[in-house]
Amino acid sequence: MTPAAPPLMTDTDDVRASPRAAPRQELLESQLAALFEVSSVLSRSLDLSETLREVLEVLHQRGRMCKGMVSLVDRETGDLLVSALHDNEVEPLRSVRYQPGEGVIGRILERNQPWIVERLADEPRFLDRLGFYDPKLPFIGVPIRMGEEGVVGVIAAQPPHLDDPIDRRARFLEMVANLIGQAVRLAHMVEDERRELKEERDKLRREVRGDHGFKSIIGHTDTMRLVFEQVRQVAKWNTTVLIRGESGTGKELVANAIHYNSPRARNAFVRLNCAALPDNLLESELFGHEKGAFTGAVAQRKGRFEQADGGTLFLDEIGEISAAFQAKLLRVLQEGEFERVGGTRTQKVDVRVIAATNRDLEAELKAGVFREDLYYRLNVMPIFIPSLADRIEDVPDLARFLVAKIGKQQGRELRVTDSAVRVLMRHNWPGNVRELENCLERAAVMSEEGVIDRDVIEMAGLNVSAVMGSPPMAPATEVRSTDLEDPDLDERERVIAALEEAGWVQAKAARLLNMTPRQIAYRIQTLKINVRQY
Ligand SMILES: Nc1ncnc2c1ncn2[C@@H]1O[C@H](COP(=O)(O)OP(=O)(O)O)[C@@H](O)[C@H]1O
Ligand SMILES: [Mg+2]
């Protein structure tokens, strides 16, 4: 089967002059062609097992090397895994592993040295795990090296006849191995980078979900629980949602929660504030425009509807749009179709719409300001967010949550005292949660130590004396009273808490603290507790 090997040739033989030069020349040329093809195969794709198989095919067709096999080190276990075999009938066996030092292939890896035999059958260490090689043929195995990381695999093959000294055939296989080593290095780099990017992406995704999930919406009153329940239900579907509520109640937060808990969460959440733009700009913002559609349209631009394709479009302040624009919006909501400004081609998109308004749309319907058909298109699933004054019991949790959020932004620990929280609960918050957040942010800025107490709140612009007189709006049970025995409580907070509990009657507060009226008066003075106005 194997033709007799031609007589060996030495490096000093003059290739051109020798009468045996012709076959040698031919071999060299076909090896060169093979190397060229191997390098282009390897640069074509990063899918190693696919390209390695192609490399073995090139070796077979052009390189006069059959029975090719590539094993690469598994980066996790350090074992050699068969990555590619040149034989269509034998599928690369993932289960065939060599430990370093095991069998011929394992030894090549361990010693980082080529291994060459003229007849495989003569080698007792050969394991023949694959049942793949021809025992009558020579065998060449060389390490695949990758720069400083050393050996990363082994390539082996069998020359069907020895038409050249076997170590010259081995040199050729080493060149191929070097090319493979470069490709493996590149594949590792790409794989590492991809994994890092993926981890980063997953981390960011978790963060975004956390920032926009239910955890970021505080509220335990019944009305807020109903909101959560509605969000959870409606998130699953593509239903259009209309979020109602006063300014600052958290409409945008709820829109975010719907999107990030919906099947569209991986796609874009695009917001447009309809109140911020005049009609013509609103139109090009929403629908995009073609190049040259109007002065300044220097390039074609995608509108928000296109940007939100596959995701969610949040139309904030929908109650502010003009009658003309209401008609345009109605068409896209009804047909899911529109044209870019200055364009003729009809665009189709898959967008879930969430709208929000603080207006009394029903009154505007009656007054003929808001189109009835658009109202019904939007109002498929209304969600009403109660104003903060109607859920003042949520203020303590909200205050602590917002203070933690502000602390994170400022990069320091912030704390809000119970007495401060009680003051906050007596305000009626016409600006809702946004007003509360702004008030706490101002307080945080003014608090050097990072403790927000009632004085800081007052300095932040909340008129404590004005609200002190009014009865608490929440049921008394909701107002957390401070434990006067709490050892962590500082002296000032303790005195304030006692005074609050005693309705600012000093003698009564003194009794709560086991003090004399003189002692408490002295404390009030030295701790600079402001009692004048009460
Ligand atoms: N229930 C809530 N829990 C935590 N933060 C809230 C809540 N409601 C509103 N906020 C915060 O208050 C601010 C105003 O909310 P936003 O959603 O913009 O209100 P709206 O869109 O109704 O005017 C935002 O910073 C938001 O994070
Ligand atoms: Mg808003």
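**Words and the values behind them**

Author: This model is predicted. Start with a hairpin: strand 5 and strand 6 form one, with 5 residues between them. In the turn, G147 has a positive phi of about 45°.

Reader: How do you know that strand 5 and strand 6 pair?

Author: Two strands pair if there are at least two bridges between them. Strand 5 and strand 6 (residues 151-158) have 6 bridges, so they count as paired. Their sense is antiparallel. One position to look at is I140, which stands opposite A157 in strand 6.

Reader: What makes strand 4 a partner of strand 5?

Author: The cut-off is again at least two bridges. Strand 4 (residues 115-117) is joined to strand 5 by 3 bridges, so the pair qualifies. These strands run antiparallel. Here W115 stands opposite G141 in strand 5.

Reader: Why is strand 5 called mostly covered?

Author: Count its buried residues. A residue is buried at under 20% relative accessible area. In strand 5 (residues 139-145), 6 of the 7 residues are buried.

Reader: Why is W429 called buried?

Author: Its relative accessibility is 1%. The limit is under 20%, so W429 counts as buried. W429 is found in the loop between helix 13 (418-425) and helix 14 (432-446). Its phi is near 50°, a positive value in a residue other than glycine.

Reader: And what makes K67 partly exposed?

Author: K67 has a relative accessible area of 23%. Buried needs under 20%, and exposed needs over 50%. The value 23% lies in between, so K67 is partly exposed. K67 is found in strand 1 (residues 66-73). Phi of K67 is near 55°, and that is a positive value in a residue other than glycine.

Reader: Which residues of helix 17 and helix 19 meet?

Author: From helix 17 come E491, V495 and L499. They meet I520, R523 and I524 in helix 19. The residues of this contact divide into 4 nonpolar, no polar and 2 charged.

Notes: Residues numbered from 1 in each chain as written. Chains lettered and ligands numbered in written order. Predicted model: local features only at pLDDT ≥ 70, side-chain atom pairs only at ≥ 80, totals over all residues. Heavy atoms only, no water. Buried < 20%, exposed > 50% of the residue type's maximum accessible area, 1.4 Å probe, protein only. Helix = DSSP H or I, 4+ residues; strand = E, 2+ residues; numbered from the N terminus. Contact = heavy atoms within 4.5 Å. Nonpolar A, V, L, I, M, F, W, Y, C, P; charged D, E, K, R; others polar.
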